[in-house]
Amino acid sequence: MTECKPGAKCKRDSAELIRNVGLLLLIALVVLPFAAGQTALDRALEAQLRRVFPGATAFSPKQTRPLPHFIAYTRSPSSQTIAGYVFWTTELEPLERGYDGPIKMLVGLDTNARLTGILVTEHHEPYGYFSVELPEFALQFKGKDIRDPFKVGSDVAAVSRASISINSSSRAIRNSARRIARALLTPPGTAK
C-alpha cells in the first residue's frame, strides 16, 4: 500500500478493496451451488438410509473404518443408542458382479445380525425389471439372519431367466453383511 496525503482519496487502496470484494463474491458464487447440491444429495441419501433402516431416528456421517458404513441410531440426540449399520454392498464386495456388472445395493443390519432392509439403487441387468427391481426381491431379505444360507431356490426366491442377477445379489448381501458383522458386531475379546 502507498501512503495517501491527509484528506486525499487513495486510488490504489480503493482498487485493491474492490478487487478483493469482487474475488470474494466470485468465490461465493462458485461455492454456493455446490453447497446447495450437497444438501440435496444428503437429503436423498438420508431418505435411502431411512428406507433400509426405518427404525432409526438418526444416522452418522459415513464412517470409513474398519469398513465403510453409516451408523443407525435410535432415541433422542442427547442419548443415542446404536441400532445397527447401513452399508453399500459394492463398497464391501466390489468384485461381485451380476450379468452386466455390479448391482449397487444399500443394506441395513441391526445389532442382532438381522437385515432391516435392502434397496437396489443401481444396476444394468437386462432382466432387472422383473428380478432385482421388484419390491418383492428386497422384501424377502427383511428380517433375515446373516447366518442364513442365502441360497437361491432355498431361502431366496428364484426368478427364471435372472438367475445370475439373483445369485450375485444374494451373495453380495450375505457376504457384505457378514463382513460388517465380523468387524462391528463381534464382542471385544472374542475371535473374529
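## Ground rules

Because the model is predicted, local features need pLDDT of at least 70 and side-chain atom pairs count only at pLDDT 80 or more, while totals for chains, interfaces and linings use all residues. Residues are numbered from 1 along each chain as its sequence is written, and side-chain values use heavy atoms, with hydrogens and water left out.

## Salt bridges between parts of the chain

Side chains of opposite charge can pair when their charged atoms come close. Here, 7 salt bridges are found (a side-chain nitrogen of Lys or Arg within 4 Å of a carboxyl oxygen of Asp or Glu). Helices (H or I, at least four residues) and strands (E, at least two) are DSSP runs, numbered from the N terminus.

Let's start with Lys-62 and Glu-91, whose side chains meet at 2.3 Å, N to O. Lys-62 sits in the loop between strand S1 (58-59) and strand S2 (70-74) and Glu-91 in helix H2 (residues 89-92), so this pair ties together parts 29 residues apart in sequence. Lys-62 is partly exposed at 38% relative accessibility, and Glu-91 is partly exposed at 32% (buried means under 20% relative accessible area, exposed over 50%, partly exposed in between; 1.4 Å probe, protein chains only).

Glu-96 and Arg-171 form another salt bridge, at 2.7 Å, N to O. Glu-96 belongs to the loop between H2 and strand S4 (104-110) and Arg-171 to helix H4 (residues 163-185), so the pair joins parts 75 residues apart in sequence. Glu-96 is buried, at 15% relative accessibility, whereas Arg-171 is partly exposed at 34%.

## A loop pair and a network

Asp-155 and Lys-144 meet at 2.8 Å, N to O. Both lie in the loop between helix H3 (135-139) and H4, 11 residues apart. Lys-144 is buried at 9% relative accessibility, while Asp-155 is partly exposed at 23%. Elsewhere, a network of salt bridges links Arg-114, Asp-145 and Arg-147.

## The largest pocket

The largest pocket has a volume of about 290 Å³. A pocket is an open set of points on a 1 Å grid over the protein atoms alone, where a 1.4 Å probe fits, with protein on both sides within 12 Å along at least five of seven lines. The volume is the space filled by probe spheres set on the points, which are joined across faces, edges and corners.

Its lining has 14 residues, with Arg-51, Ile-118, Leu-119, Pro-135 and Ala-138 nearest the centre (lining residues have an atom within 4 Å of a point). Helix H1 (11-52), strand S5 (115-122) and H3 each give two or more residues, and S5 gives the most, with 5. The lining divides into 9 nonpolar, 2 polar and 3 charged residues (Ala, Val, Leu, Ile, Met, Phe, Trp, Tyr, Cys and Pro count as nonpolar, Asp, Glu, Lys and Arg as charged, and the others, Gly among them, as polar).
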